[in-house]
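Hi everyone, thanks for coming. I'd like to walk you through one structure today, so let me put it up on the screen.

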Protein chains: 2
Amino acid sequence: MATSSKPALPVIRRLPKYYRYLVNMQQSGKKNVSSSELSKIMGTTASQVRQDFNCFGGFGQQGIGYKVDTLVTEIRHLLFGDGQPLPTILVGAGRLGTAVSQFLMRDANGYSLLAAFDNNPQLVGKTLNDIPIRHVDELRSFCSQHHPQVAVLCLPREGATQLSSTLVELGVKGFWNFSHYDLSVDYPQVMVENVHLGDSLMSLGYHMRNL
Amino acid sequence: MATSSKPALPVIRRLPKYYRYLVNMQQSGKKNVSSSELSKIMGTTASQVRQDFNCFGGFGQQGIGYKVDTLVTEIRHLLFGDGQPLPTILVGAGRLGTAVSQFLMRDANGYSLLAAFDNNPQLVGKTLNDIPIRHVDELRSFCSQHHPQVAVLCLPREGATQLSSTLVELGVKGFWNFSHYDLSVDYPQVMVENVHLGDSLMSLGYHMRNL
DNA sequence: TTATCTTTGACAAACATTTGACAAATATAG
DNA sequence: CTATATTTGTCAAATGTTTGTCAAAGATAA
């Protein structure tokens with residue numbers, strides 16, 4: 001019955017994984033799921049599943065388990081809010097940017113890609129899955145007009161630091177950063193998610209060589 | 001003085017980040033660094049830095065700090081072993097595969113990309129930064145001959161499960177998996193690093209909407 | 001040399017997370 | 001209707017991680 005203390009970070013990091021599995025279940029027509037069943041798929045304990053769901057108010061039923069639909073709805077609401085997609089821009093339309101934009105448009109929920117920017121004249125004018133690639137010089141005027149809330153950074157390290165300050169000034173509230181460095185912004189209300197492919201790869205290397 | 005109990009997972013996950021910053025310092029000519037200095041850059045406490053380094057045997061000097069060179073060498077050895085790069089193949093040479101292969105070759109240490117595979121006839125025969133793209137049918141014979149240890153999976157979810165079993169049989173010991181599902185292999189000596197861009201993006205969304 | 005400053009390594013205390021246990025609630029079978 | 005099976009929500013115990021503290025070691029300055 002809705003214990004409602006704000007959830008710990010580890011819980012939040014598990015939400016997307018719950019969500020993925022629950023959507024699968026929903027698609028395959030499964031109606032109910034018990035904590036122990038979910039725990040087996042997730043590779044954790046039933047206790048943890050119950051405790052996690054309780055952070056958001058327990059929507060389970062004793063004797064039955066959890067309704068898959070309810071869980072999906074609740075977690076989706078936590079992750080994507082009211083369903084209004086966050087207006088997003090991509091900066092850097094090279095190979096990585098291209099792949100990421102495709103991912104954003106085809107596989108991700110909750111974001112709408114408005115435009116892409118690059119400083120390479122060869123790319124400017126082309127399109128990326130129907131999104132036009134503009135020159136970075138247009139960034140200021142575009143943002144003033146369209147107020148994107150999220151910026152995806154797929155550009156070399158050098159440009160990124162300065163650019164991020166500019167974007168914060170222009171109202172960007174979240175960064176998905178693929179540049180090879182730790183972006184950190186001093187403004188408290190701005191969120192940064194640094195994606196370090198290299199770190200992930202190094203971890204793999206460590207584990208392969210030390211086990 | 002080498003306390004040597006095997007390091008906890010959180011410590012290992014921090015190693016790549018230490019490594020990045022330390023290599024930067026090395027390149028800019030910095031010789032020594034104290035735990036408090038590092039902690040500021042890393043966004044943690046000096047205590048944690050000291051404790052982390054002590055997991056591998058403390059190579060610091062009281063009154064001075066740590067030698068940057070020593071740290072880089074030690075951590076590099078932990079992450080990359082003796083420096084022998086791990087022979088690696090890429091399966092799936094679409095946009096994501098292209099971007100990842102570029103990353104592997106340009107920005108990552110410790111891996112050497114031997115070949116790429118795809119089942120799209122339009123891609124087979126082309127090259128990816130000098131690496132030829134072969135048809136997946138050639139996978140078995142190629143692996144029998146070249147014994148890759150790591151497979152990077154950049155293909156749709158459907159193919160990945162079955163493929164991974166095949167690859168394990170063929171001697172692959174580590175997977176860097178970009179398919180949108182959790183690859184888990186039942187063989188205990190095989191490591192899997194699942195990269196979920198979606199999870200990272202969902203976390204960003206959660207934090208943006210709940211703060 | 002001596003006093004002072006910096007900094008590590010070690011340990012314990014504080015804090016966070018995960019797990020196990022069980023009462024209460026619902027369903028199911030007899 | 002009663003007894004038995006499940007299964008949640010909650011709490012406390014167990015485990016894991018981070019932080020603060022301090023003696024000892026080396027550096028630096030007088």
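This is a predicted model: local features need pLDDT of at least 70, side-chain atom pairs count only at pLDDT 80 or more; totals for chains, interfaces and linings use all residues.

Who makes the contact? On the H2(B) side we have B:Ser35, B:Ser36, B:Leu38 and B:Ser39, and on the H3(B) side B:Ala46, B:Val49, B:Arg50 and B:Phe53. Sorted by class, that contact of H2(B) with H3(B) comes to four nonpolar, three polar and one charged residues.

Now over to the interface of the two chains. The size of an interface is often given as the accessible area lost when the parts come together. Here, chain A and chain B bury about 5400 Å² between them, with 64% of it on carbon and sulfur atoms. Which residues of chain B lose the most area to chain A? They are B:Arg95, B:Tyr206 and B:Arg209, which together make up 14% of what that side buries. As for residue counts, chain B puts 60 residues into the contact and chain A puts in 60 residues.

On to the polar side of things. The rule finds four salt bridges across the interface of chain B and chain A. One of the salt bridges pairs A:Arg20 with B:Asp182, where the closest N and O atoms are 2.7 Å apart. Between chain B and chain A, 24 residue pairs are in polar contact, both residues being at pLDDT 80 or more.

Which elements of chain B each supply at least two residues of the side that touches chain A? Those are helices H1 (9-27), H4 (68-80), H5 (95-106) and H8 (197-209), plus strands S9 (174-177) and S10 (191-194). H8(B) gives the most to that side, with 13 residues. By class, the residues of chain B's side divide into 32 nonpolar, 18 polar and 10 charged.

Let's stay with H8(B) for the last stop. Helix H4 of chain A, residues 68-80, packs with H8(B) at an angle of about 75 degrees, the axes being 6 Å apart. That makes H4(A) roughly perpendicular to H8(B). Here A:Leu78, A:Leu79 and A:Phe80 of H4(A) meet B:Met202, B:Gly205, B:Tyr206 and B:Arg209 of H8(B). This contact of H4(A) with H8(B) has five nonpolar, one polar and one charged residues.

That's my tour, thank you!

Notes. Residues are numbered from 1 along each chain as its sequence is written. Chains are lettered from A and ligands numbered from 1 in the order in which they are written. Side-chain values use heavy atoms; hydrogens and water are left out. Contact means heavy atoms within 4.5 Å. Helices (H or I, at least four residues) and strands (E, at least two) are DSSP runs, numbered from the N terminus. Ala, Val, Leu, Ile, Met, Phe, Trp, Tyr, Cys and Pro count as nonpolar, Asp, Glu, Lys and Arg as charged, and the others, Gly among them, as polar. Buried area is the accessible area (1.4 Å probe) that two parts lose on being put together, summed over both. A salt bridge is a side-chain nitrogen of Lys or Arg within 4 Å of a carboxyl oxygen of Asp or Glu. A polar contact is a pair of N or O atoms within 3.5 Å; within protein, one must be able to donate a hydrogen and the other to accept it, and residues adjacent in sequence count only if both atoms are side-chain atoms. Axes are lines fitted to C-alpha atoms, for helices over the stretch in contact, and angles run from 0 to 180 degrees between N-to-C directions. Angles under 35 degrees count as roughly parallel, over 145 as roughly antiparallel, 65 to 115 as roughly perpendicular and the rest as oblique.
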